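Subject: Handover of a structure and findings

Dear colleague,

Please find the structure below. A written account of the findings follows it.

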Amino acid sequence: MESKDDDYWNDSTNKSFNFDEDDVAVLEIPSNNKRSLFGEDNTSEVNYGHTQGEIPLHMIISDEHLELVLQEQSRNEFTIPKGISLEEEVKLLRKKIQEFDYAPPTESVIRKLILGKPCSLEMFRAFSEKEQLLDQAVASGSGNAILKVTLFLDRTLKKKLFYSMLQTRPEAVYHYMTYLSLRLKVTECTDLLVFLGRHHEASLLQFSIFVCSTLNVEFKKQRLKKIYCDYFSQPGSNSFYAQLVANYINLLEYQTGELHASGGTSKAIGIQDKSVLETLNYVCGNYKWGDTSLQTNANPFKLAENHQVSQAQFEWIALNERAKRQAWLDFDHIFEKKAWLNLKQKSFKINIPIDRTILRLYALHAPDPVLNTFLGKVEDLQRRLALARKVHSRHGIIDALVMLKDRAELEAFRDTLDAGTEERLYAENALKSLNNKWKSDAMKLIK
């Protein structure tokens, strides 16, 4: 008995696929126009019996790549015919071996490299042949072909000739550098970069591999010095990177020197190979503020200057460090600046947000006179009063109310203070001063 499957194959209405029907191969798409080719796919709704549209084969694969595939498929591999004598077989093999004395067409070799087929490049012996092979690989745009040819040239050419060939072919340099970097072949990488005149890239590569990956400070310091001499002493080197490396060496020199000078204290150990700001915090804690004779990194002002620390960063670190030690008198040296024309005259100058500074000082338990000093730098009187209330500065509140000439609010605040206290007396004196000023202003108006 025939099955339903047999009926299908025996039925003439079921049309088979004919490869010779059209010159251009096409794909059939559903007749239902509600579905686009690259839109929603629903295989149950596809009607393969009616061809609504046709997609030319060149939209799926380019003519150039299609031709390569067809040529390789049609190319006959070397095989020894069956039934021939041993003498004829030897002749065929000798003939095949002789063919290897001559380099095959570069197009054929590059085609095999693109398609991933095994092929030998050893037949390309002359420098001009190798150069032509690399140019053909670059022209193909295939990274796989470019890298394989480049590695072959690296293996068969002297380094100087090899680098010279790469010098005018940046695509080959890119693929070769990527290959070396992924395999951490730092020496080969830097040698090529130096030959190409890309000294700053070579130094950064050395820095990232040898410097950032080691915890040995002495080794790191010596390696940095070598990088500086090898790459930044060359003409045309990048001055910005050179300064960064010089600053890093300077910082490590100070840190290791401080470790030996302090006898290996825990604080000195704690700054080894640390950042500039962490080192600055350490220096702020060990510096004798007011001593302007020290012109080394042990002076926080010099350290900040040598490493381009901004004024705001310096002030914030110094303020926090001295506040934690309750060294409030040192604030004069941090925030007081000498005038340009008169060096004996000093002015209070702050570069960090004043609101944030006052709140931070309050959190670090700054006394009222210190808070009052910073509150006095707030120009907006209403904002000053609000900040004074927030940090519970009684003197700051009284001063703000006097500046605002708010007698009623000042009297109300005075009544909240305990009798006999210094704050109560200060408020009463402020109120008297405000009343006297009010009377004086009134007399002027009458006159």
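What covers the buried residues of H10? The cover includes helix H9 (186–195), helix H11 (217–231) and helix H12 (239–261). Before the details, two notes on conventions are in order.

This is a predicted model, in which local features need pLDDT of at least 70 and side-chain atom pairs count only at pLDDT 80 or more, while totals for chains, interfaces and linings use all residues. Residues are numbered from 1 along each chain as its sequence is written, and side-chain values use heavy atoms, with hydrogens and water left out.

Overall composition

The secondary structure of the protein comes to 23 helices and 2 strands; helices (H or I, at least four residues) and strands (E, at least two) are DSSP runs, numbered from the N terminus. Of the 447 residues in the protein, 30% are buried. Buried means under 20% relative accessible area, exposed over 50%, and partly exposed in between, with a 1.4 Å probe and protein chains only. Among contacts (heavy atoms within 4.5 Å) between residues at least 6 apart in sequence, 49% join residues at least 24 apart.

Helix H10 covers residues 199–211. Its 13 residues should span 18 Å at 1.5 Å a residue, and the end C-alpha atoms are 17 Å apart, which agrees; the expected span is 1.5 Å times one less than the number of residues. The buried residues of H10 are His199, Ala202, Ser203, Leu205, Gln206 and Val211.

H10 packs with H11 at an angle of about 170 degrees, and their axes are 10 Å apart. Axes here are lines fitted to C-alpha atoms, for helices over the stretch in contact, and angles run from 0 to 180 degrees between N-to-C directions. The two helices, H10 and H11, are therefore roughly antiparallel to each other; angles under 35 degrees count as roughly parallel, over 145 as roughly antiparallel, 65 to 115 as roughly perpendicular and the rest as oblique. On the H10 side the contact is made by His199, Ala202, Ser203, Gln206, Phe207, Phe210 and Val211, and on the H11 side by Phe219, Lys220, Arg223, Leu224, Ile227 and Tyr231.

Tyrosine 231 lies in H11 and is buried, with a relative accessible area of 8%. Not counting residues up to four places away in sequence, tyrosine 231 touches Thr190, Val194, His199, Ala202, Ser203, Gln206 and Ser237. The C-alpha atoms of tyrosine 231 and serine 203 are separated by 6.1 Å, although the two residues are 28 residues apart along the chain.

In helix H12, asparagine 247 has its place. With 11% relative accessibility, asparagine 247 counts as buried. Neighbours within four places in sequence aside, asparagine 247 is in contact with Asn306, His307 and Gln308.

Nonpolar cores

The largest nonpolar core has 47 residues, where a nonpolar core is a set of buried Ala, Val, Leu, Ile, Met, Phe, Trp, Tyr and Cys residues joined through side-chain atoms within 4.5 Å. Helix H16 (residues 311–324) supplies the largest share of this core, 5 residues. The residues with the most contacts inside the core are Phe331, Ile358, Leu361 and Phe374. Leaving aside neighbours within four places in sequence, phenylalanine 331 is in contact with Leu319, Arg322, Ala323, Glu336, Leu361, Val370 and Phe374.

In helix H18 (residues 354–363), Ile354, Thr357, Ile358 and Leu361 are buried. Seen down the axis of H18, these residues fall within an arc of 95 degrees, so they line one face of the helix; the arc is that of the directions from the helix axis to the C-beta atoms. The buried residues of H18 pack against H16, helix H17 (331–335), helix H19 (368–375) and helix H20 (381–390).

Histidine 365, in the loop between H18 and H19, has a phi near 65 degrees, a positive value in a residue other than glycine. Histidine 365 is exposed, with a relative accessible area of 64%.

Lysine 405 lies in the loop between helix H21 (394–404) and helix H22 (407–415). Its phi is positive, about 60 degrees, although lysine 405 is not a glycine. At 53% relative accessibility, lysine 405 counts as exposed. In H21, the buried residues are His395, Gly396, Ile397, Ile398, Ala400 and Leu401.

Yours sincerely
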